[in-house]
Amino acid sequence: MMWRNVRAVVRREYLQRVRSKWFVISTVAAPLFMVGLFVLPIYFAESSERAEREVAVVDATGVLYDRLAADLEEGGWRVQRVEWSSTAQVELERRAELGEIGGFVILDERTLSAGEATFYSLSRPNSLRRLTMRSAIARAAMAHALEERGVDAASMLRGGDLRVELLSEAGTGTEDPRFIVAYAGAFFLYMVILIYAVAVMRATLEEKTSRIVEVVISSMQPWHLMLGKIVGVAGVSFTQMGVWLVSGVLLTTLGLPSLIAAQPDALQLVDLADVLPGAGLLTLFLGFFVFGFFMYSGLYAAVGAMCSTEEEAQQAQFPLVMLLVVPIIFVLPVIESPNTPMATGLSLFPLFTPILMWGRIAGGGVPAWQIALSFVLMAASVLAIAWVAGRIYKTGILMTGKRPTLPELWRWVREA
Amino acid sequence: MHPDGPAVRLRGVSKRFGKRIAVSDLDLEVPRGVVCGLLGPNGSGKTTTIRMIMGILHPDEGSVSLFGGDPDLVRRARVGYLPEERGVYRKMKCLDLIIFLGEIRGVSRAEARRRGGDGLDRLGLAGWADRKVEDLSKGMQQKVQFIATVIHGPELLILDEPFSGLDPLNQDVLEEIVLDFRARGTTILFSTHLMDQAERLCERVCLISNARKVLDADLAELKASERKGVIALEFSGPDHWIGGPEVARVERADGGLHLILTEGGDHQAILRRGVEAGAEILRFDLVEPRLHEIFVRHAGADAAGDAGAPLATSGRREGQPAPVSGGAR
């Protein structure tokens, strides 16, 4: 009997939301927006300057061209070699004016000794182009100089290599520290938990202000209604994130290679694939979201039930927003040094766990027992919050008028 | 549970909100198969009483039972409730809303869809099943809500001010439906401040004023027992003989006058005086008092002032000007 009730509420909540225009727009728009953010600028930059990327290199030194050409090609230039002669410059100026080449660069003694060169062009190349050109020339000159002395220039220029051997057992995480994954993931968790928990609050408030709740409550227990709402919104969030996940996977497995095939210059995007989290991290991420959502949505449902107007709810949710903002403030130091006592302590506080524990795991590695403990603590918190929030909800959902004070709230919890 | 207990029974029920007493020591019994009106002016405690029956509020004292048993066990499946503040999910389609409200009361989706469709057809909303509730007028929304209220075939209908907000035409439609349910043996308890309506529909009335019950009786018996009190009078000629120690008040009604007698007043004395005064008596009739008059007699004119407000034709007292200027006094 009870489950039929709850199922009806879940179904209603889910279908109403999934069918709404906003859901469709936000679900589709978010990934498109992300793709656009990464791909479009590169795509446009690449395709709009075909002629400009054509560059002639006059190598008066006779030793730099091979190295430089490879480097420039990788940076998006198309390079052609022109032998040094007294008429070379005049000839190249003419070709530039005809639009055959975007410009030409002349390498001489100063290039060898100081990495300086002159780039002749009709239009001023953008800063990115200047930078790739400049660093390519400097690298080529440096590599040449180093190799003359018998140094492994390639390795040096890559930035060498530092291997880390951990002496303690603290960092048992298998994944390498990846700052972007840790930080972006933490922020994403913050956003989705907040958005969906607030959705629960709004739904509760709407039922209350429209008075439909009186009819509903006369047919079912308040606690079932609250459970149904939360599960319904959870379903919506899974659907939305599922769409995002699938489109993300499709994008990286199918979209990226075909993009690279069509646009070889976008090759630098492949680095992005290295940044994406693996399956293990994704599972943990979903785990943190689920528990975070159930903890916060319970609290938000209680807030929605105790308020009578949107304005009141805005004020009353302030402490909850704070609970979400605090871990965001701490997430940077926690990612950087994930195993300090402070990081450990904060990340084990259940309401901070989703964001901070995620930051620690993605940022470096956390002993497995701490991850397990944090999930146990979150599960316990979900139950405790459900108990308290359910009681506040039960009394509050039918109340009108002034928002209760803290002592009154406590009485609701005790007496419900 | 007693299978033959009354549909509704309140025993010594009280409810306070802070210092304000909303309902005080109320006993109420609605036998099965009866239409009972809960009457009283605004703020007299009707809605609070109904909410306690529906388990939305819990009485501070006293007990509620439905069909002789625990109300929480029977309410969902056997009671249909239309609250005074009629909430809807505005973004839902009409039929979906009805199905949802049926589903949470244990009706299967298919069955709820069928019954909901029938209900919409019957109330002239056939083309609106797939429209959003917010597209409907208030009166239409109210019809949808009524359909949802009875979707699970309840044995007891509890309607809080079901007629408010409806135009006269739709009031008639709803009245017909209520009578239809009565004919099928459904017990109905509804609150109203419209005495006319109550008079037409109810077999039993419960009058509440200032949180207290003033009257709770079978309407026909009540009228019979109060019959002596009112004389319908039509005459021509002098009128000085009308006033006398037997007459408490005079009201205009039905194109003539209603004389409301004092307790134990002798109507024969008035008739004699009239004949002696030379008036031509066209009608001298002991009438059933109107519910409004009974209410005034029991609760006082102040209480009835609110409750009787819409009854301008029969309710205004003789010699008193229209309410507008009367209020300025």
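Let me begin with chain A, which contains 18 helices and four strands. Please keep in mind throughout that this is a predicted model. Chain A has 416 residues, of which 34% count as buried, and if we take the contacts in chain A with a separation of 6 or more, residues 24 or more positions apart account for 76% of them.

I will turn now to the strands. Four strands of chain A form an open sheet in the order β2-β1-β3-β4, and the pairing in this sheet is mixed. At the edges we find β2 (78–82) and β4 (118–121) of chain A, each of which pairs on one side only, and neighbouring strands of the sheet are turned by 25 degrees against each other on average, if direction is ignored. In general, strands of a sheet pair through backbone hydrogen bonds, and they do so either parallel or antiparallel. Strand β1 of chain A, residues 54–59, runs parallel to β2(A), and five bridges join the two; within that pairing, Val58(A) has Val82(A) of β2(A) as its bridge partner.

What does Ile98(B) touch, if we do not count residues up to four places away in sequence? The list consists of Ala112(B), Gly116(B), Val144(B), Ile147(B), Ala148(B) and Ile151(B).

Let me move to where the chains meet. Here, 20 residues of chain B are in contact with 17 residues of chain A. On the side of chain B that touches chain A, the elements that give two or more residues are α2 (71–78) and α3 (94–103) of chain B, and α3(B) gives the most, with three residues.

Finally, one helix of chain B deserves a word. Helix α6 of chain B, residues 168–183, has 16 residues and reaches 22 Å from its first C-alpha to its last, which is close to the 22 Å expected at 1.5 Å a residue. After α6(B) comes Gly185(B), whose phi is positive, near 90 degrees.

Definitions and conventions
Residues numbered from 1 in each chain as written. Chains lettered and ligands numbered in written order. Predicted model: local features only at pLDDT ≥ 70, side-chain atom pairs only at ≥ 80, totals over all residues. Contact = placed C-beta atoms within 7 Å. Expected span 1.5 Å × (residues − 1). Buried ≥ 20, exposed ≤ 12 C-beta atoms within 10 Å, placed from the backbone. Pairing = 2+ DSSP bridges. Axes fitted to C-alpha atoms, helices over the stretch in contact; angles between N-to-C directions.
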